[in-house]
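Have the sequence and the 3D view ready as you read.

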Amino acid sequence: MAQGKFKEVDNKVNFPRLEENVLDFWKKEKIFEKSLEARKDNERYVFYEGPPTANGKPGIHHVLARVFKDLFPRYKTMRGYYVPRKAGWDTHGLPVEVEVEKKLGFKGKEDIEKFGVAEFNKLCKQSVWEYVQEWERMTERIGYWADLENAYVTYDNKYIESGWWILKTLWDQNRLFKDYKVTMHCPRCNTSLSDAEVSQGYKDNVDDPSVYIRLRLPESEAVRLPFGPAAAQGLPVSFLVWTTTPWTLPANTAAALKADAPYILARPNEEQETYILAKDLAPKLFGEDGFETLGEAQGSDLVGFEYQPLFKGVDLYSQPVDVSAAYRTITDEIVELGEGTGIVHIAPAYGDLDVGRRAGLPTLFSVDLSGKVLEAFPQFNREFFKKADPHISRDLKERGFMWRMGRVSHTYPFCWRCDTPLLFFAKDSWYIRTTSVKSELIANNNKINWYPGHIKQGRFGNWLDNNVDWAISRERYWGSPLPIWQCDKTFKYECIGSVAELEQKVGRSLQELDLHRPYVDELTYPSPFAEGGTMRRLPLVLDCWFDSGAMPFAQVHYPFEHKEDFEPVHFPADYICEAVDQTRGWFYTLHALGTLVKQQPTFKNVICLGHILDGEGLKMSKSRGNIVNPWDVLNNQGADALRWYLYTANPPGEPRRFSQDLVSESVRRFLLTLWNTYSFFVTYANLDQPDLTTKVPVDQRPVIDRWLVSRLNALIRDVTDMLDRYEVTGPARAIEAFVDDLSNWYVRRNRRRFWKSESDTDKLAAYQTLYEALVTVARLSAPFIPFVSDEMYRSLVQVVESDAPESVHLCDWPVADTSLIDEALIKDTATVIRVVSLGRAARSAAKLKVRQPLLEVLVKPREASEGAGLTRFKQQVMEELNVKDLVVVEDGADIMSYNVKANFKLLGPKLGKQLGAVQKALGNLDGSLIAANLRNGQPVEVTLESGETLSLAPEEVLVEAKQREGYAVVEDGGYAVALNKTITPQLKREGLLRDVVRFIQAARKEADYQISDKITVFYRVTKDANNLASDLAEALSEPESVRYLQTETLSTAVSEGSQANPAAFTQDVELDGATLQLSLLKN
RNA sequence: GGGCGUGUAGCUCAGCUGGUUAGAGCACAUUCCUGAUAAGAAUGAGGCCACUGGUUCGAGUCCAGUCACGCCCA
C-alpha cells in the first residue's frame, strides 16, 4: 500500500472544537511564522493595518473588517509573496480622554488641570489597554494572522518622533501654518466640542430672535447698481439680510448672494426705502402685492458694493483691524434661497470662516471665548452673548438699521455637559495646507483601485474636490504633542523634527523622557530670534487622525530607521481595508500624507466595507442593545462559518444584515456539504486503500472524471482572476457552486465506483479524481476558511505525500492547467444536469416515482448544438431518470406539439412596431407544420391582420414544445423533457424489485448489520393487493432478477417463507396497499 | 439641507452590453430518494422588480422625478 490510513472523519463534526484544535496546531508548530519565514526573500506584498482603539470590546463589525483584511495577505502568501502583517493600536484622542473623564466624574478641562495632566495621561494610557486581551483573543480565534507581539502603538516615543519628522518636512515646505478654525465652543467649559459631543446636544424648538437688517448703500455706491440710474427713485437703498444671531452682527464683514439667482430692487408699499433681496423671497417678506419691483439683476452682477458698516470691527482683543476688504457684497455657494432674504450676513469668526477665506475677508470678533461681548463694544456691557441679543437689536433699531424684529423657533446645539448654548468660534489652529496639493491628491486617487468602485469618484473623489486645509492641532492633553515652540519675545515659531534636534536645543539627553504632556511642555530653550527670549512649546496636541495617517512612516520609525528600504518594502501599501466611514478618516489621512511626503498614493488597492446591521436592518448600537457578540457565533457555528458567511453574503461595500441563522445557513449550505464529501472520501478510501500516488492519466479516466477535472481547473482559473481583481464575493460563491457540483453530481453519480469490490483503473480514477478535487478545494479555500481547509488538507495530504508542507497555509496557490479545461464538456454536463432536473420534475408531476423504470424519455434541447452533448451522456441521463432509452428530438420531429413564437431579439430591430402583429399571426399557425418546415430550412410565411404577408427566416422564429398525450412533459427555458408514461408488466416487475431491494436495505440498516455482512432473505406476502404476490413470484422466477436482488443486498439466498430463527430480523412493509413480511438473517 | 449608495419572493441575494415566461438558497407545504443520512432531490405556493413619468418595437435593466432606508457631511 502506498499510504497509510486517513484520519477518521467524525461526521458529527463540531466545527468550533475542530477550529480550536487547528489553532493549537498553528501555535505549536508556529505555522504563521513559518509561512512568513518561507517567503522572506521573495517580493513583498505590503499590507497596512488600520489601528483600532482597544478601549472597548470588539464587536461583530470588527470581525468583519479583520476577516476581509486577512484574506488577501493569506492569498498573496500562497502566491509566493512575503507579507509581513504588523498589527497596530490607536491610543490617543478625545474619546479616550472622555472615557477617563467619565470614570473620574470630571466636568471639563478645569477638572483635568486640577487633577494634574501627568496623572490624567497616565490613566488614559492605561485605559487604552483595558480590552486589549479581548481583542487579541478575538483576533486569534477568527484566524486573523497578524504580528500582535510587535504591534505599533501610536503613543510610543518612536512613533511620535516619526510624526514630528513629517511635520518638520511640511514646515520646511511652508505647508504647516496657523489660522483660525471654526469649532463648536462651550463658553462655560471653555472648550471645543467634538462632532460626536455636539450631535448629542441638539435641541428642537429653541426660541431665538429673527432679525432683518438693512445694510445701507451710500449714494456713491447706489448709483453704480445695475438697475438703471433712476430705479431707486431717489430713495435710500439697502441690502436686506436675515439672521437669528444678532450677537454676531458686530463681527459682520460681508453680505453674500447666490451668483446664479435673480435679485430685485423692491420698494414695499408705504415705505420710503428700497431693498435688494432675492426675487423669489420678496413676496414672502412683503406680501404678494405688498411691493413694487424697481429693477432686477443676477446675484453675480451685485458683487463688490460697499455698504455702511454696522459697527466698528475689532479683533478678539478688541484691537482695530484692517477692514479695507470688508463690508461689501460677495457671492458664495453657501447661499440658498430657502429662507431669509437670499442675502446672508457673513461673520467668519462665528461660522462662515470658509466663506471669509474664499473672499479674502478679515476675521472680526464680537464676543470672547467666555461668550461675553468684547470691551470694544462698551454699550453692551460685557454681557453674555445670548443676553446681549436684545440690546444689540435695540441699538441697531435706534440707528435705523433694523427693518424688522421677530422670534423664530429652530434647532440649536447645547453643551451636553452643562446645557449652555454653544457658539461657533474661530480659534487659532494649526493646519496642513493640503489644498496646496489638491490636484496631486486627485491625480493620485485616480491611480487607486477602489472597491466598490463608486467611492473613488463618489464619496472620496468629492471629498478631495472640496478639499480644505487639515486642522491638526487640539487643545487637549492625551495625544502626540505638536512639535512647535514659540519665542516669548518675538512670538516667532520653530518646528522640531526629531528628538535629537530637541536634545541639541535643550542641551541634554532626552532618552528617558516621555514625549507626552506635561513633560514635553517643560522643555524650553533660549530663543534664536531674540536675545534673552525663551522658546516654549505650544500647549497643543495633534489630531489623532494625524497619528493613524502617519502609520506607514511611524510604524517603522522612518526615517530614523528603514531609510534605505522604506520604498518599496514598507511603502506604499498594496492593500488596505476598512469600513466606509474611514473615507474621510484613515483613508484620507493616509492619502494626504502619502501625497505630501512621498508624492504618490499610499495604497494601491482598497476595500471599503459597508456597515453591519442587525436582523431587522437596523444599525447595531449599544443603546438599541442589538449588538451581536462575536463569541456567540464563534462558539456555536465557528470562525470559518462566520468568515464564509461574511464573504458570500453580499458585496463587501454594501451594508449587511446579520443574524446567527444566516451563519447557520452558510454552514449547512457550504461547510457541511464540503465536509460530507470529504467524509465520504475518507470512509471509502480507508476501506479500499487506493493508490493515490501512481496517477491514472486524465485522458484515460472516464468522461465524468474529465468533467470534474475540467470544472476544477476552470475554478482555479476563475478564482485566481477574481482575487487578483480584489473581488471576494465572486470567488467564494464560485467555490461554493463547485462544491455543490462535486457533492451533488460527481459523488452522487459515482458512488458505485467507490463501492464496487474489484480494484480496477476505473475505481482508482474515481478515487484520484475526488482526491485531487478535495485537496485543490482545500487550497483554494484556505484564505477564506483557514481552519477547515487546513484540517482537510493535512489529513488528506500528509498520508499520501510525506514531504508535503505541514499546513495548507505553507502551500503554493494552485495553478490552473488550462489544457485540461474542456469548455464543451462543462457545458454539456450543465445541460445534462438541467435535463435530469426537468425529467425529475416530469416524473413528479405525473406521480411516477424514480424507482419505477420507464421506457423512454424524449428531450428537446434549447439549442440544436446541445443535442450532441446529450447523446454523448445518454447513459448518465438514463440512469438518473431510470429510463430505458433517451431520444433527442429536434424542432419539428413528429413527437410533440409545438408553439411558434417570434424571435424578438432578431425581429425587433427589423420590424419595429409590426412585431406585435407578427407575434399574433404566428400564434394562429399550426406549430407542428411550421416546425417541420423549419427543420428543412424553409422560411415561414405569415399573414398579418392588415393583410400584409411576410416571410420569416428559420432563425427568426422560435419553437416551443407543448404537452403530448401519453407523455409527462415539462418545459422550461427552451428545454422540453417528455417521459413516456407507459408502464409495461415487465417495467412494473422491475420497479417492484427495486422496491424490495430498498426495503431490504432499510431493514439491514435497522438490524444494524455491517455494510459487508452477508445475509439470507425470506419474504412472504401477508396481505395481497395489486397482484403483489403473483408479480413478485414472476419477477423472482427470472434468474437475472434474483441475481440483481442478491448483489444489491449482499444476500446469498432469497426464498419465500417465514424465518423462525430468533436471531432473524423480521419486518412488515407496506407496498401499494399490500403487506410484505421480510426476514433477514446474518449468515 | 447636500453628496454617495441601496430598494427584485416571507428572509438573504443573482439578474452580463435593454430581448421572449425575472432566477437561486433558506423558511413553509407536499412528495421522492437513500450503503454520504443531523445529508440529498423534486413539486407547490409566494413578485404592480419601491413609486411616477419618459426614451424604445421592447425596460427589473437606460433617463428624470418622488418616496423609504443606510452612510458621510452640514
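## A tyrosine that is partly exposed

Start with tyrosine 493: its relative accessibility is 23%, so it counts as partly exposed. Keep in mind that you're looking at a predicted model.

What about tryptophan 430? With a relative accessibility of 3%, tryptophan 430 counts as buried, because buried means under 20%.

## Ring pairs

If you search the whole structure, you get 64 aromatic pairs. In one of them, the rings of phenylalanine 47 and tyrosine 575 have centres 5.9 Å apart and planes at 35°, so this pair is tilted. Phenylalanine 47 sits in the loop between helix H2 (31-37) and helix H3 (60-78), while tyrosine 575 belongs to strand E23 (residues 573-579), so the pair ties together parts 528 residues apart in sequence. Phenylalanine 47 is buried, at 5% relative accessible area, and tyrosine 575 counts as buried too, at 0% relative accessibility.

Now back to tryptophan 430 and tyrosine 493: their ring centres are 4.9 Å apart and their planes stand at 90°, so they make an edge-to-face pair. Here again distant parts of the chain get linked, with tryptophan 430 in strand E14 (residues 423-432) and tyrosine 493 in strand E19 (residues 493-495), 63 residues apart.

## A cluster of rings

Ring pairs can also join up into a group: Phe6, Phe680, Phe681, Tyr684, Phe754, Tyr767 and Tyr771 are linked into a cluster this way.

## Arginines over rings

Which residue lies over the face of tryptophan 631? That's arginine 137, at 4.1 Å from the ring centre. Arginine 749 lies over the face of tryptophan 745, at 5.9 Å from the ring centre.

How values were computed: Residues are numbered from 1 along each chain as its sequence is written. Chains are lettered from A and ligands numbered from 1 in the order in which they are written. This is a predicted model: local features need pLDDT of at least 70, side-chain atom pairs count only at pLDDT 80 or more; totals for chains, interfaces and linings use all residues. Side-chain values use heavy atoms; hydrogens and water are left out. Rings of Phe, Tyr and Trp (its six-membered ring) pair if their centres lie within 6.5 Å; planes under 30 degrees apart count as stacked, over 60 as edge-to-face and the rest as tilted. Helices (H or I, at least four residues) and strands (E, at least two) are DSSP runs, numbered from the N terminus. Buried means under 20% relative accessible area, exposed over 50%, partly exposed in between (1.4 Å probe, protein chains only). A charge sits over a ring if NZ of Lys or CZ of Arg is within 6 Å of the ring centre and within 35 degrees of the ring normal.
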